[in-house]
Amino acid sequence: MTEVVHTPRVFSGIQPSGGLTLGNYLGALKRFVETQESGGIETVYCIVDMHAITVWQDPAKLTHATRELAAGFIASGIDPARSILFNQSQVPAHAQLAWIFNCVARLGWMQRMTQFKDKAGKNSENVSLGLFAYPALMAADILVYHATHVPVGEDQKQHVELTRDIAAKFNNDFGVEFFPQPEPVIEGAATRVMSLRDGTKKMSKSDPSDMSRINLTDDADTISKKIRKAKTDPEPLPETLDGLEGRPEARNLVNIYAALAELTPEQVIAEHGGQQFGTFKPSLADLAVARLAPITAEMGRLMQDPAEIDRILAAGAERANEIAAPILRRTYEIVGMVGAR
Ligand code: ATP
Ligand code: MG
């Protein structure tokens with residue numbers, strides 16, 4: 001038996017599958033920064049370009065989106081000296097461990113993944129094999145660092161649970177206690193920011209409608225316009241939180257306000273309950289612009305020097321590789337692959 005004491009380590013990733021959205025910021029980036037700032041735990045943050053290509057990406061756009069995402073991490077407050085920031089394809093251990101996990105995970109487990117069903121839609125015979133196998137790569141992303149905590153939005157909970165199943169099956173199949181059971185960390189008022197066009201659908205960077213989301217690159221006028229046009233019902237905001245029941249669009253705007261203002265939804269309702277959307281939306285727009293404009297400006301500044309971004313990512317990949325390579329070697333040894341040292 002291999003006995004490993006798993007020191008706490010945080011891992012999470014974002015795909016360069018488009019520009020960053022307010023959902024990515026509130027559900028992921030802002031919380032990554034809080035974890036980094038709280039100190040005392042190693043934080044590993046990854047731009048998961050190999051996940052992005054599970055659906056077609058124009059090569060030039062992928063390059064741009066990768067650098068822009070790196071700029072988004074840094075502009076939001078990720079310090080590449082204190083956190084490890086890199087792109088997935090540059091640390092080969094992710095793909096190597098993913099293959100092992102393809103052989104551990106069961107087909108039936110993958111067939112239950114709601115993200116695959118959502119993304120494949122009616123077209124499931126015609127999507128890439130990579131899209132189907134995505135969760136095994138995600139398990140490898142996390143477990144190749146022996147990460148113990150995975151801050152994600154609500155939509156990724158099922159994938160982190162699958163990661164736990166893969167870790168448990170590997171340990172059980174080989175009679176080891178090698179991989180930890182990572183915990184999804186899903187906290188705050190905005191763990192599931194919804195589309196501005198449809199309060200039952202998650203806001204996504206790959207949604208065809210740009211009006212469905214706020215991008216971190218949107219200027220103040222665009223943000224205001226998108227919030228003004230966001231779908232709502234005709235009722236004013238309720239006086240109590242219970243009154244948001246059955247009103248997904250209203251709830252979404254309250255949650256976004258709460259997360260941006262660092263208040264609870266109760267506090268937002270206490271302050272704004274009874275207001276018409278004609279009053280609440282402009283307050284929300286002002287708040288969103290005040291919070292996002294400095295990030296947008298800093299992203300723009302960083303994007304002036306793509307070579308510097310590339311250097312930061314390369315240095316991050318080197319540090320990531322130092323953690324991942326020995327864990328992969330030990331995995332190969334456990335599996336019985338000759339030459340693994
Ligand atoms: P895609 O549409 O290409 O899947 P995405 O917007 O869903 O893009 P991902 O890169 O898949 O973004 O996810 C990055 C992180 O952002 C994950 O932790 C995910 O849970 C979180 N996230 C994504 N969308 C939202 C959202 N609407 N609300 C809260 N968190 C979100
Ligand atoms: Mg997604």
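A polar side-chain atom of Lys119 lies 2.5 Å from an oxygen atom of ligand 1 in this predicted model. This pair is a polar contact, that is, a pair of N or O atoms within 3.5 Å; within protein, one must be able to donate a hydrogen and the other to accept it, and residues adjacent in sequence count only if both atoms are side-chain atoms. The contacts of ligand 1 considered here are listed below.

| Residue | Atom of the residue | Distance to an oxygen atom of ligand 1 |
|---|---|---|
| Lys119 | polar side-chain atom | 2.5 Å |
| Ser17 | N or O atom in the side chain | 2.7 Å |
| Gly153 | polar backbone atom | 2.8 Å |

Ligand 1 has 590 Å² of accessible area on its own, and the protein covers 97% of that area. Such areas come from the Shrake-Rupley method with a 1.4 Å probe; for residues, only the protein chains shown count as cover. Around ligand 1 there are 22 residues, and those that come nearest are Lys119, Asp155, Lys202, Lys205 and Ser206. A residue counts as near if one of its heavy atoms lies within 4 Å of the molecule or strand.

Residues are numbered from 1 along each chain as its sequence is written, and chains are lettered from A and ligands numbered from 1 in the order in which they are written. Local features need pLDDT of at least 70, side-chain atom pairs count only at pLDDT 80 or more, and totals for chains, interfaces and linings use all residues, while side-chain values use heavy atoms, with hydrogens and water left out.

Helices (H or I, at least four residues) and strands (E, at least two) are DSSP runs, numbered from the N terminus. Helix H3 covers residues 59-76, and its end C-alpha atoms are 26 Å apart, in agreement with the 26 Å that its 18 residues should span. The expected span is 1.5 Å times one less than the number of residues. At the N-terminal end, Asp58 caps H3 with a side-chain oxygen 3.2 Å from the backbone nitrogen of Ala60. Just after H3, Gly77 has a positive phi of about 125°. The buried residues of H3 include Leu62, Leu69, Phe73 and Ile74. Buried means under 20% relative accessible area, exposed over 50%, and partly exposed in between (1.4 Å probe, protein chains only).

Two loop residues are partly exposed. Gly39, between helix H1 (22-38) and strand E2 (42-47), has 33% relative accessibility. Pro92, between strand E3 (84-87) and helix H4 (93-102), has a relative accessible area of 47%.
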